Structure formats: structure tokens, C-alpha cells
Amino acid sequence: MPEGPIRAPGSGSAAGLLREIASTGIDPVRGGYSRPVFSTAEQDLRQWFAGAASARGLEVTTDRNGTIWAWWNPRGHPLEGSVVTGSHLDSVPGGGQFDGPLGVASALAAVDHLVTRGTTPRRALAIAVFGEEEGSRFGVACLGSRLMAGAIDPDRARNLRDQQGDTFADVCAASGVDPDRLGRDDEALRRIGAFVELHVEQGRSLIDVGEPVAVGSSILGHGRWKLTVSGQGNHAGTTLMADRRDPMVAAARTIVAIRDGAAAQKGARATVGRVAPVPGGTNVIASRVDLWLDVRHPDDAATAALVEDLHARARVIAAEEGCTASLSEESYSGTVHFSSPLRQRLSAVLPHAPVLETGAGHDAGVLAPHVPTAMLFVRNPTGVSHSPEEYVEDEDAERGAVALADCLEALLVSDGG
Ligand code: HGY
Ligand code: MN
Ligand code: MN
């Protein structure tokens, strides 16, 4: 896409819209933003979105899985087979400003462009905002889109607990979502004729090729496992070193072994980003350590084999430390290749946009097996994400919104599906 003159970002621009929420959910301890699903911060963002959509004349509803839908349907078309865009508003702890909200703000800005252009849509357009994409509160990534797609058992979802012990069912009920109605929503799926999600790039590819926007090709398979290492809790002062069965030591050795195991497997990524000792006292030898493992690889069978290898390493290390180790899967999403016809249509609209794979999961990946799905990525000059350093220049945010508007317009006015 030629990097020609771009409309100065005004208040209605994607960058301007993001500035409206720049103070919502700031995390004073971690830095960045902490906006867990259905927290006060995320609820404030939901209200912001509903207000911005309503101000544009979009009809806003929230479905039985807590997904918000904002409809632009000036010609009153039937909703089945509509064009849908959108993303998420929840964040990881201490996350960046753009992961999720850029896609939502760009969708609003794209509607502004379509209206300014006088586009006459042959089908309806919706902006969807999915909840718990990060899985940061209840542990399962893309929980909202998984529920809609029937990719998680509703009873399992209802019983998921956050770190305060609150169940997803109780939090839904407190947030106006009836937990008894959670589950696959075929009517919502039928309304999606094509889903296009715009997202900040969470790597460096667009910097390296010098383009502001890319079309997505695939999402790396990725999963999350909980590893529990159990030992003997005891007193830090009265327990001699030779008498200890310290799960923290076993966990520390295991984390290094996980790094080594993944580094030895071409294309693999494995991360332990969260460790929780129990009871967690400074003068207490832990009785148990919970740690969470994120493993990713293009080949699902390779991921499974690597996880099995890492589990075996953990068991050996635990035994050497007089402890035990057990692993349980929390969520898994296999590698996804986006719809070729839809991807080719977007590439025809954006001939200068490179086609990129991503190592990050997205709601688009959950929907891909059910409806034609595609993604656009916008340049992130730091190449860093899930961190306060994540960034998008105002001009690139505008280029992304224009690219999204161009793609949506092509899908809205064509006589094809
Ligand atoms: O974890 C991921 O890949 C995404 O950011 N949820
Ligand atoms: Mn993310
Ligand atoms: Mn995201």
C-alpha cells in the first residue's frame, strides 16, 4: 500500500478514538493496561464502545455469550450472511494500548469512512467485540468466541474460576449475562458471511518489509497447560537443606528445562509467564508451586510431542527433588489457515500488503473453522506486544482503518457472498 498522504488523524480517527480510552485500566504497578474481562475497566470500555457505536447510528446489542454487536444496516438487509469486523477490549496484565482495542477503534473509523464515501452496502455490517480473548481472568483464551462457536462446553466455562475464586457464571450474572444461556449460538454464526479482524502486529515483520498493513495467512497452533509441582511445606529456619523437598527448586529447574526443550525444537515457543507458590510466604518452604505453560508450534503433532517431553522432564526433575509433578491442559487451539478465497479478495484490495503468519492467537482463529475469516495487521514499530511498549503510529493506525474500510467496502458492495 503506497505510504502516500494520509488524512490527519482527527477525533473520529482510530488513533483519536483510542485516545478517548487511554486512561481506562492503567495498571500503576505493572505499567501498561490491565483490563480483565468484566472488570470495571473492561466494562467501562464496553460502555465507551456502545456510546461510540450508537453515536454513529449503529444498533448495539449484547448476545447471550456477552459479545457486543454493533450493526450498520442503513438498507435494512436481513442479517444472515453479513460482513463482520471487530476484535476484543480485554487485555493481558500490564498489556499494551493496542492489542484488541486497535481493531475495535479501526472498525468504528472504517464505518466513518464508508459513510463519508457514501457506500451503499448490499448486506449489513456488524462490529463484534468478543470477551475474554486473552483468557487472563478465567484461563481459557478466546472464551467468548469459543462459547459462540461451541468450542468449549458451557458447563466447563461456567465453572472456570478467576484468581479470587469467582466463577465465570457468577461474574457473568453480575455483568448482566445469563450464565444459563451460555453456549453455541448458531443464529449468531449464520449472521457472519465473512469476518475480518484488524489487529496490531505483535512482531517485527512489517517493520522489516517497510509496509504499514499486512493480510494474515495463518495462526500458529497454541495451548496452555497448568503444571503443579508438589513437595513438603516447612519452616525456612528449622528445616536443614538436606531435609527439604522444595517444589520451588524443582519448579525453577523445570522452567529452565522447558526453555531448553523448546529451544531444541525448530519453530517451537514455550513460555512460563506465571508462577504461583503456595502458600507464598517469605519464611516458608512452599508446599506446592503452580506454573502455567504456553507452548506453540506450526505443527499440532509437534506441539503435543513437545508438551509430553516437557512433562516427562518435569516429572524427572521433581523426583530428583523429592517432589511430584502433574500437568493438565487448560486450552488448545490448533494451527489455523485463513480462508484462501477471502484472503485473496483482501490481497486484491490491498496489493501492496504482504501476507503474514502470526504467532499470536485471535478470535478470528476460533471462528475460522466456522465462517470465512481473514485478518489485517498494522505495523508496530517496537515489534513488542503484551507489554506497555506495544505501539502504533497515528498515521499507521489511519492507514489500517482506511485499509479495513477498503476491504469491508469490497465485501459489502459485491454481489457475491
Ligand atoms: O496469547 C495470544 O496469542 C493472544 O494475544 N491472545
Ligand atoms: Mn493478546
Ligand atoms: Mn489480541
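**Figure 1. Six aromatic pairs are found in this structure, which is a predicted model.** Let us start with the tryptophans. Trp-69 and Trp-71 make a stacked aromatic pair, with 6.1 Å from centre to centre and 15° between the planes. Both Trp-69 and Trp-71 are buried. The two tryptophans also belong to one aromatic cluster, together with Phe-130 and Phe-195.

**Figure 2. Phe-138 and Phe-168 meet edge-to-face.** A pair of aromatic rings is described by two values, the distance of the centres and the angle of the planes. For Phe-138 and Phe-168, the centres lie 5.1 Å apart and the planes stand at 70°; planes over 60 degrees apart count as edge-to-face, so this pair falls in that class. Phe-138 sits in the loop between strand 4 (125-130) and helix 4 (143-149), while Phe-168 is part of helix 6 (residues 168-174), so their pairing ties together parts that are 30 residues apart in sequence.

**Figure 3. Helix 2 packs against helix 3.** The axes of helix 2 (residues 40-55) and helix 3 approach to within 10 Å, crossing at roughly 10°. Because angles under 35 degrees count as roughly parallel, helix 2 is roughly parallel to helix 3. From helix 2, Trp-48, Phe-49, Ala-52 and Ala-53 take part in the contact, and they meet Val-104, Ala-105 and Leu-108 of helix 3. Sorted by class, this contact of helix 2 with helix 3 holds seven nonpolar residues, no polar ones and no charged ones.

**Figure 4. Three residues coordinate the manganese ion (ligand 3).** Here you will find His-88 (NE2), Asp-99 (OD) and His-199 (NE2), at 2.1 to 2.2 Å from the metal. Along the chain, these donors follow the spacing H-x10-D-x99-H. How accessible is His-88? Its relative accessibility is 0%, so His-88 counts as buried. Asp-99 is also buried, with a relative accessible area of 6%.

**Figure 5. Asp-99 bridges two manganese ions.** The manganese ion (ligand 2) and the manganese ion (ligand 3) lie 3.5 Å apart, and Asp-99 coordinates both. Why does the pair of Asp-99 and Glu-134 tie together separate parts of the chain? Asp-99 lies in the loop between strand 3 and helix 3, whereas Glu-134 lies in the loop between strand 4 and helix 4, so the pair ties together parts that are 35 residues apart in sequence. Glu-134 counts as buried, with 6% relative accessibility.

How values were computed
Residues numbered from 1 in each chain as written. Chains lettered and ligands numbered in written order. Predicted model: local features only at pLDDT ≥ 70, side-chain atom pairs only at ≥ 80, totals over all residues. Heavy atoms only, no water. Donors = N, O, S within 2.8 Å, 3.2 Å for Na, K, Ca; no water. Buried < 20%, exposed > 50% of the residue type's maximum accessible area, 1.4 Å probe, protein only. Axes fitted to C-alpha atoms, helices over the stretch in contact; angles between N-to-C directions. Helix = DSSP H or I, 4+ residues; strand = E, 2+ residues; numbered from the N terminus. Parallel < 35°, antiparallel > 145°, perpendicular 65-115°, else oblique. Contact = heavy atoms within 4.5 Å. Nonpolar A, V, L, I, M, F, W, Y, C, P; charged D, E, K, R; others polar. Phe/Tyr/Trp six-rings, centres within 6.5 Å; stacked < 30°, edge-to-face > 60°.
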